[in-house]
Amino acid sequence: QSSHKVRENAFYVRFTSSPFTSSANHIEIQHANFYKELNKSGIDVKIKNVFKRYTNVISIETDERNVKRIAEIEHVESVEPGKLYKRIEFNKKNLKNNAEDFRNETVVIAPDNDINAIHEITGVEKVRETLKLSGKGVRVGIIDSGIDYTHPALGGCFGPGCRVAFGYNFLDDNNDPYDCAGHGTFVTGIIGGIDLRDDGPGFVAYKVLPLDCPSDYDANGKVYNIHGQEFLDMVMKAIIMAVDDGMDIINLSLGPLAIMINDLAKYKGIIFISAAGNDGILGVFTSLMPSDIQNTISVGSFRTDKVLNFKAFDPKNPEFVINYITRSALAFPFQSANVKLFPMNKCSNDYKEFINTLIIIDFRENLSCIDIMIRFNNETLKPVGRFLIFPEIIEEGLPDVSVRNDAMIDSSQADILIQYLEKNTNLELDFSDKYGYMEYKSYSVVPSVFSSWGLSVELDIKPEISAPGQHMFSTFLVNLPPYILDSGTSFSSPYIAGIAALYIEVFGKPQSYEQLKVAFMNNAVPYKDRNNLLAPVVIQGAGFVDAFKLLKATSFVYPPKINLNDTVHFNGHHTLKIYNVGRKEMKYKLSHLPAPSFNGYNKTFVRNYINLEYFPKQEQCAGVEFDYNRIAVPPKSNVEVSVTFTLPKKIPKDLHLFYSGWLEIIPVDENIPTMTVPYAGLADDARSLPLFQTPRFPVLVNLTRNVISKEDPIATFTLKLLNITDGTHDYPFVLLNLATPTSNLITEILDANNKFLGWVKYFTGIKYRKKPIVFIVHWDGLIHYNLDNMTEPGTPAPDGDYFIRIKALKMFGDINNEKEYETWVSPKFKIKRSA
């Protein structure tokens with residue numbers, strides 16, 4: 001995913017009428033009324049782009065204080081913020097002039113090993129062997145950083161008759177979508193990279209993702225940035241072009257504000273497959289836009305059972321072997337090297353003793369010393385290579401190291417190597433074996449720690465399905481390492497897109513996106529996690545994908561998932577429709593498979609499943625009753641079954657438990673696989689969920705980000721301009737990170753006696769802002785007295801003592817009910833302007 005933060009003053013105005021249900025004339029009337037009201041109210045707005053065909057949206061630039069008034073204009077449904085995306089710099093040092101050599105030779109990485117062993121556990125290998133499918137004839141639109149169409153595994157050419165038949169570069173406004181960043185190429189290889197064969201699905205590249213090429217530098221060597229609004233506008237234009245071009249599937253391994261997706265899926269049957277996000281360390285409610293939009297297929301990541309490794313030996317003791325992983329999917333280029341452990345307490349000391357050695361850097365106990373990664377790139381102090389050891393939560397994601405001579409070893413291998421080094425201080429390892437091996441990993445097939453958790457802010461089940469996404473092997477740029485390893489839900493999403501292409505090859509393009517979603521979710525397989533307990537639906541969705549099962553299915557169940565909401569909005573009565581599209585009668589047993597409930601809000605707000613508190617007892621899970629426990633469904637028919645849910649009975653106080661599980665539809669014929677329908681809910685009132693991550697956030701800080709506590713002496717701010725170049729001021733700042741999304745965030749000023757004076761900022765009419773975004777709210781010394789017109793000039797507050805108060809509206813809270821806001825008050829501080 002692209003890194004991003006909220007961009008001030010960039011917004012999207014969505015109107016109530018849809019182009020699919022309203023006339024073009026009606027939409028024109030809404031827009032005309034919008035412009036009229038802006039002029040009438042004197043609201044200063046710059047119109048950036050107008051979208052009328054597949055969505056009814058206008059992108060604008062305006063002062064954020066105008067948002068409340070704009071949201072109140074007739075026919076405006078919502079106002080959503082833009083984002084600022086930063087291009088990832090292109091590392092010219094990594095370029096190698098081997099492109100032509102590579103295109104003319106076969107790359108051998110792991111002889112006698114199945115480099116695509118991942119397809120065994122997903123059923124794809126069985127599909128290829130028994131059904132002889134490849135996805136050929138299916139067109140997949142890749143909205144990403146482009147595609148390196150010169151790669152032989154992706155056809156090796158561009159244009160009519162090539163697998164990458166055409167495309168568009170929205171960054172440079174031309175018809176060449178060549179990828180010089182690699183992300184889109186990696187994604188494309190997962191969907192259908194097949195070496196040296198004109199086979200598999202066809203691709204169309206829509207280049208939008210702001211990952212830069214060498215041409216994107218200005219005269220001073222500074223990389224250009226793409227502002228969020230321009231980027232999101234490009235994504236929307238790319239979606240429109242992909243629909244017009246007749247794409248069967250659109251893959252979005254990125255996180256735009258996908259305003260138009262719901263209607264395109266609903267009214268035109270477009271299949272959108274999107275990454276759930278990589279913020280699992282932060283726990284619940286971290287699914288990424290647009291994956292949490294209702295009509296997408298949201299995909300989470302699993303760790304798989306085999307990973308490409310390379311081996312190093314002790315020549316004096318050949319039985320001692322260390323496995324290591326490189327992002328470049330290449331072994332270390334040198335034959336041997338002396339090995340030394342870098343002491344982490346020597347972060348700032350001289351490094352000369354480590355020249356010409358391979359150093360072991362263990363970050364498990366001291367992440368604060370991570371800047372030595374940069375210092376060791378100094379040419380004079382550079383070791384021949386580095387073994388990097390990370391805490392498990394980082395290790396899962398395979399850090400994006402840019403140096404080829406970097407490798408990662410997991411914690412178990414690291415402990416073995418460090419203990420061995422204590423007894424063999426002059427250890428020299430042999431790296432002469434340049435071929436890889438597919439090694440089994442511990443924990444086998446489990447959800448990735450980094451994979452984002454649901455639910456969505458509407459308490460919808462997200463992600464909906466999971467696929468491989470960790471330590472994935474795929475195509476990269478041919479003038480760099482032509483294949484690499486990488487991790488993220490960005491790569492789980494295209495895996496599902498590839499299976500969707502197989503589905504369309506068999507059944508044709510489905511009449512609706514929901515048909516494909518039902519097929520995927522009904523036939524997913526629930527898996528356990530590292531606790532050896534069923535992973536909650538909130539992290540794995542329906543379960544891990546099974547391609548063979550879904551392509552051979554002759555029955556399906558609707559709906560594909562059941563959202564039970566919170567206790568206030570709980571609806572325990574639902575109906576399943578079981579369809580038999582086969583030629584013979586089917587008999588089923590109905591059963592309930594509960595997952596452990598879990599506390600999504602422990603005291604530290606660290607909520608990945610390694611740290612979660614589980615509640616697996618039956619009375620702490622939902623109850624389920626069917627009106628029939630056994631049914632028979634005639635061929636070409638369907639039967640309805642009523643299901644009654646009851647809330648978990650014994651819920652510990654002050655815990656916000658999420659509960660989930662699966663309804664199992666089990667064929668009596670044991671040769672036919674079970675279908676499942678996941679459900680999930682919150683065993684609490686959503687309005688009780690904590691918003692502020694106290695005590696860590698919110699915090700009052702000064703310009704150097706020093707935290708000011710209530711026990712400290714009163715801090716003084718001069719409000720003085722410190723740096724005219726970057727606009728730095730000596731303002732009081734509040735850092736705020738939300739534990740739960742909110743739709744209203746209000747910043748107020750109180751006097752020394754805690755009396756309300758006025759407002760600083762007021763965010764409203766904006767869809768839920770989601771963590772892990774850190775808000776930085778500053779006060780410039782101006783107080784606003786008119787909440788309905790925050791653009792009026794503020795009044796300078798006199799020098800003196802003040803408090804900042806921040807209020808956040810609880811989930812589903814009443815905007816007009818003060819009791820439904822969570823409130824935080826800063827330590828007292830002083831304003832004393834310099835003379």
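1. Let's start with the pair His 183 and Asp 144: in this predicted model, a polar contact of 2.7 Å joins their side chains. Asp 144 sits in strand β5, which covers residues 139-144, while His 183 belongs to helix α6, covering residues 183-192.

2. Are these two residues buried or exposed? Asp 144 counts as buried because its relative accessibility is 0%. His 183 has a relative accessible area of 17% and is buried too, since the cut-off for buried is under 20%.

3. Both residues also turn up in a database record. The UniProt annotation "active site", from an unreviewed entry, covers Asp 144, His 183 and Ser 490. These three span 347 residues in sequence, yet no two of their C-alpha atoms are more than 10.3 Å apart, so they gather at one spot.

4. Another polar pair to look up is Ser 59 and Asp 233, whose side chains are joined by a polar contact of 3.0 Å. Ser 59 is part of strand β3, residues 57-62. With a relative accessibility of 0%, Ser 59 counts as buried.

5. Next, the nonpolar interior. Nonpolar side chains tend to be buried together in soluble globular proteins. Here the largest nonpolar core has 50 residues, and the members that touch the most others are Ile 249, Ile 273 and Phe 520. Helix α12 (residues 489-507) gives the most to this core, namely 10 residues. Apart from this core lies another, of 35 residues, which includes Ile 109, Ala 110, Ile 325 and Ile 389.

6. Which residues is Ile 249 in contact with, leaving aside its neighbours within four places in sequence? Among them are Val 138, Arg 139, Val 140 and Gly 141.

7. Finally, the whole protein. There are 15 helices and 46 strands to find your way through. Of the 835 residues, 58% are buried. Among contacts with a separation of 6 or more, 75% are between residues 24 or more positions apart. The accessible surface comes to about 34,100 Å², and carbon and sulfur atoms account for 49% of that surface.

Notes
Residues numbered from 1 in each chain as written. Predicted model: local features only at pLDDT ≥ 70, side-chain atom pairs only at ≥ 80, totals over all residues. Heavy atoms only, no water. Helix = DSSP H or I, 4+ residues; strand = E, 2+ residues; numbered from the N terminus. Buried < 20%, exposed > 50% of the residue type's maximum accessible area, 1.4 Å probe, protein only. Polar contact = N/O pair within 3.5 Å; in protein donor to acceptor, adjacent residues only side chain to side chain. UniProt positions renumbered as here; feature names shortened; annotations may be inferred. Contact = heavy atoms within 4.5 Å. Areas by Shrake-Rupley, 256 points an atom, 1.4 Å probe, with all protein chains shown as cover. Core = buried A, V, L, I, M, F, W, Y, C linked by side-chain atoms within 4.5 Å.
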